Amino acid sequence: MRKMTEDNLKGAFAGESQAHMRYLVFADKAEEEGRANIARLLRAIAYAEQVHAANHFNALGLLGSTADNLQAAVDGETYEVEEMYPAFNAVAELQQEKGALRSFHFALEAEKIHAGMYQKAKQAVESGNDARLGDVVVCSVCGHTVEGEAPDRCPVCGATKDKFRKF
Amino acid sequence: MWRCTVCQHVDLGETAPAQCPVCDSPQDKFAPYEPPVGGTKTWQNLKAGFIGESQAHERNLAFARKAEEEGLPQIAKLFRAIAAAEGVHAYNHLRHLGLVRDTQENLNAAFERENLAEAKMYPRFIAEANQENAPGVALSFSQARDVEKGHGKLYEKAMQHMLAETETTYYVCQVCGYVSDGLLPDECPVCGARQSAFKSID
């Protein structure tokens, strides 16, 4: 693939990914305001943008075998843990932006755990197995991810047990 | 928007909540939320964080489908769970940017995004893909453009009828993202996919 088209696919993937997320958030907000139909429209279009993002991602040739995908996931998390969030944190600290600091801190803590989970899963796939995995629960306030039971209080943000979503 | 001065949770409501949903602090601990000034480093970083997390979310969902195909349901579950976690991070960054407003304004923002994608972004991408002799990519871009045009119309309709909401089911084509309002098509008018390729959203 030539450079300009590759860059455009990357741009389109970034744009559709953001649109997908924004519309899901907007849907939550509409739900909160008691506008169930608007919420449903936003979720429908969010899903459509997800289809576009997946198409662009495939066209970029970024979807490999699961073993490759796990490695790509480990690399992504490692970059965020070692470079991106520490740099973002340092600036937010300097500028005394407490809200941003909190948002970055939550992400950084979860990404550390994710990297380890991917690593373990990758070893299982490389030895020819599916991963042995119980329930995975995710804190809907900060994204903290745990294998097994949800804790009474999230150790990262302090949210109560009912804030965890099970997979 | 309101900020809990104890745990820094940002609440999206018009009025401060009676109790912080995260740390249980009472209403008087809430102060109006002021997002970082546009263009400052922190603002740029929140934006970059939002973009990165949104992409990671999407990528993980694609990886989950691939793992499912390969008969690895546990790995697929792991990808979906972590996708949800990245979604939470994206949500938090977006909230701290102050970009989640009331539904009227959110619909306006969504409508503008669809217009921009349909009228500016995709036409240029299609022309450049043709120029570089990538017809498959050009087709994918042009289907996306046609679909965004439909989304724009749906948002417009929603904005006009916000008060008189009618019940409807939306059907989304899983091949190209075309959204049909209330009617399950025999085949997708944009990409020609069969009826079975549609997913209903409730």
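The model is predicted: local features need pLDDT of at least 70 and side-chain atom pairs count only at pLDDT 80 or more, whereas totals for chains, interfaces and linings use all residues. Residues are numbered from 1 along each chain as its sequence is written, and chains are lettered from A in the order in which they are written.

Chain B contains 4 helices and 6 strands; helices (H or I, at least four residues) and strands (E, at least two) are DSSP runs, numbered from the N terminus. From the N terminus on, their order is β-β-β-α-α-α-α-β-β-β. The table lists overall values for chain B. A residue is buried if 20 or more other C-beta atoms lie within 10 Å of its own, exposed if 12 or fewer, and partly exposed in between, and two residues are in contact if their C-beta atoms lie within 7 Å; C-beta atoms are placed from the backbone.

| Property of chain B | Value |
|---|---|
| Span of the C-alpha trace along its principal axes | about 60 × 45 × 35 Å |
| Buried residues | 44% of the 202 residues |
| Contacts with a separation of 6 or more that join residues 24 or more positions apart | 47% |

Helix 2 of chain B (residues 73–96) is mostly covered, with 21 of its 24 residues buried. Its end C-alpha atoms are 35 Å apart, which agrees with the 34 Å that its 24 residues should span at 1.5 Å a residue; the expected span is 1.5 Å times one less than the number of residues. Just after this helix, Gly98(B) takes a positive phi of about 75°.

In chain A, Glu33(A) is found in the loop between helix 1 (3–32) and helix 2 (36–59). Glu33(A) is partly exposed because 17 other C-beta atoms lie within 10 Å. Leaving aside neighbours within four places in sequence, Glu33(A) is in contact with Asp102(B) and Thr103(B).
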